Amino acid sequence: MPDLASNMVEPTGGFQMQGMMMRYNLFMPRLYNWCLSLGFKSGKIMPSRAFCSDESQGYPVIMIAKHFGTFPFNHGLVGGIVDTHRHGPHAEHGEDLVIIQASHVGYDPQSQTFGTYRRLQTADNEDSPNCGKVDNVITWYKNEYQFAQQNILLHQINGMNCIIVDNQLLREDLDEGLLLHLDKLIETDSNGQHLPFKILSTAKVFAASSEFVEKIGESAFMGKKPEPIGSELTSDIFYFRREIPHIKEGVHHLEHNLIRFMPQIITAQFPILTASQINTQIEFDLTFRTIVKEHSYRGKKLLFISGLNIDISPQSGQLFPLTKFVPWAAYVQDSDGSYSTFEQLELMQILEQQSVSNPDQIDMEAAIQGMTEAEEIKVHL
Ligand SMILES: [Zn+2]
């Protein structure tokens, strides 16, 4: 079994939030009008969404139905994963096709923090993690990290800056756990070895590397007793190893997507926000390739857009969250097979150029009323 955890922290980044948010009541008519400008035919477009199953994703789905005039096909798995096995059925349900993928994150306007969402349907309007699936996936990694923060100690012994490392964090043979890039922390000897100068019952004592001492300052080592490394255990110093069962979409897909970036995620100011951004970036990259290769999409017009849904916690009396969309990237395919991709800034500019007026949008109330008043059709058995 290959080791799925990379031993390096790849920078992701590039996902801009500032000036990139768009309310769904503006995003959806703009997306629809962009489709029309690309030659998509009104009334023949089958939208699809790849959203999490969370109830907070309901309002965006309603807005898709309103502006595209049909309930969207469902491409989504929990956590904002695209079920790429559903491309075939989606392709059969329309002439021109749209896929909207979004990971999501809650936002609390009172505390101005990301990662929670107020559940008005709970007994006491409780705030809980959002996306809950992302939170669930990163919890194990957070616990491992907190153990390491508390069990790597800094101290000065006989004037030497020392790092005391718990034995569990030094075991290279573990199937799963947090592992250290020892080069970043500990001085190597002339043979490139990290040899302890003292062995304790549950830990080993090493000389701190001069690079690390310079980075955090010598005063961090001068406490009266050994002090935990705490927040000085930065994302470049460690990585994770974990045996995640082989990919089965919807079960462990999200964790596979995120494991390499966990050091960045769990040390970020808002871990669920960072995780959701990274998941959106990875899902766009993976899904774009599957669409290009998908036979059932050949000869069809298709627009695939990825982004992040920010679910702003509803206030009492508000039925839905005020969801904002942050676009990340888009792929547009013409029926002749030619295609192009659009990066975040360019994509935002294209969307902003579109009209927010959509004469084709449906009046949901009238449509529901029409169904209520429609003549009964008997189902014969
Ligand atoms: Zn979710």
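Reply: Let's begin with the pairing of strand E11 and strand E14 (residues 203–207): in this predicted model, the two run antiparallel and are joined by five bridges. To find the pairing on your screen, pick Val165, whose bridge partner in E14 is Lys204.

E11 also pairs with strand E10 (residues 152–157), again in the antiparallel sense, through six bridges. Here a handy pair to click on is Ile157 and Met160, the latter being the bridge partner in E11. E10 and E11 form a hairpin with two residues between the strands, and in this hairpin Asn158 has a positive phi near 50°.

How enclosed is E11, then? Of the seven residues in this strand (residues 160–166), six are buried, so the rest of the structure largely encloses it. As background, side chains in a regular strand alternate between the two faces of the sheet.

Now for the metal site. The zinc ion is coordinated by the SG atoms of Cys52 and Cys131 and by NE2 of His104, at 2.1 to 2.3 Å. Along the chain these donors follow the spacing C-x51-H-x26-C. His104 belongs to strand E6 (residues 96–108), while Cys131 sits in the loop between strand E9 (127–129) and helix H4 (132–151), so this pair ties together parts that lie 27 residues apart in sequence. Both His104 and Cys131 are buried.

Just after the helix, look for Gly39, which takes a positive phi of about 95°.

Leu319 is found in the loop between strand E17 (301–312) and strand E18 (324–333). Its relative accessible area is 73%, and because the cut-off for exposed is over 50%, Leu319 counts as exposed.

To come back to your strand: E11 has E10 as an antiparallel partner and E14 as another, and six of its seven residues are buried.

Technical notes. Residues numbered from 1 in each chain as written. Predicted model: local features only at pLDDT ≥ 70, side-chain atom pairs only at ≥ 80, totals over all residues. Heavy atoms only, no water. Helix = DSSP H or I, 4+ residues; strand = E, 2+ residues; numbered from the N terminus. Buried < 20%, exposed > 50% of the residue type's maximum accessible area, 1.4 Å probe, protein only. Pairing = 2+ DSSP bridges. Donors = N, O, S within 2.8 Å, 3.2 Å for Na, K, Ca; no water.
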